[in-house]
Amino acid sequence: MADQNHELRKAGLKVTLPRVKILQILESTQDQHHLSAEDVYKALLDAGDDVGLATVYRVLTQFETAGLVIRHNFDGGHAVFELSQEEHHDHMVCLESGEIIEFFDDTIERRQREIAEEHGFELVDHALVLYVRPKGSSVTRQEGSGPGKK
């Protein structure tokens with residue numbers, strides 16, 4: 001809990017029990033890096049913590065403003081959150097299962113910088129999302145069960 005208190009203070013946020021609990025949930029989900037507000041809320045309920053859904057949304061928005069989390073709006077407008085990381089990565093979203101896969105590829109990163117330079121620009125930042133489906137599947141982006149479409 002001391003680690004979460006330090007992280008909150010470092011981000012300029014007052015240490016409150018809901019903030020600590022939500023940060024603990026985000027840090028403890030090793031198998032799932034991208035959580036919706038509803039996922040966080042369910043995890044809090046499962047742990048016996050009495051934190052309302054509106055509080056979860058408010059705290060996640062505060063965390064985003066403070067730079068603790070990044071909000072992603074993949075297909076369907078369904079927001080998911082992940083802890084901010086030092087290392088850049090891109091995402092693949094499976095249209096069939098909604099699974100979000102993180103990846104990093106030096107060739108893609110280099111090529112994006114080259115393309116920006118070819119057009120007279122300097123690449124400052126980017127977000128790359130690949131929408132994928134299992135080989136042999138015919139699911140499309142419109143009918144996929146990605147995040148928010150389950």
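Cys94 belongs to strand β3, which spans residues 90-94; strands (E, at least two residues) and helices (H or I, at least four) are DSSP runs, numbered from the N terminus. Cys94 is buried, with a relative accessible area of 10%, where buried means under 20% (1.4 Å probe, protein chains only). In the unreviewed UniProt entry, the annotation "binding site" covers Cys94; such annotations may be inferred rather than shown by experiment.

The structure is a predicted model, in which local features need pLDDT of at least 70 and side-chain atom pairs count only at pLDDT 80 or more, while totals for chains, interfaces and linings use all residues. Residues are numbered from 1 along each chain as its sequence is written, and side-chain values use heavy atoms, with hydrogens and water left out.

How confident is the prediction for the protein chain? The pLDDT (the predictor's confidence in each residue, from 0 to 100) averages 87, and 91% of the residues score at least 70. Confidence is highest in helix α5 (residues 106-118), at a mean of 96, and lowest in helix α1 (residues 2-10), at 80. Over residues 145-150 the pLDDT is below 50.

Turning to open space, a pocket is an open set of points on a 1 Å grid where a 1.4 Å probe fits, with protein on both sides within 12 Å along at least five of seven lines; lining residues have an atom within 4 Å of a point. The second largest pocket holds about 290 Å³, the space filled by probe spheres set on the points. Its lining has 17 residues, and Ile70, His72, His89, His91 and His126 are the closest to its centre. β1 (69-73), β2 (79-83) and β3 each give two or more residues to this lining.

Note on methods
Buried means under 20% relative accessible area, exposed over 50%, partly exposed in between (1.4 Å probe, protein chains only). Contact means heavy atoms within 4.5 Å.
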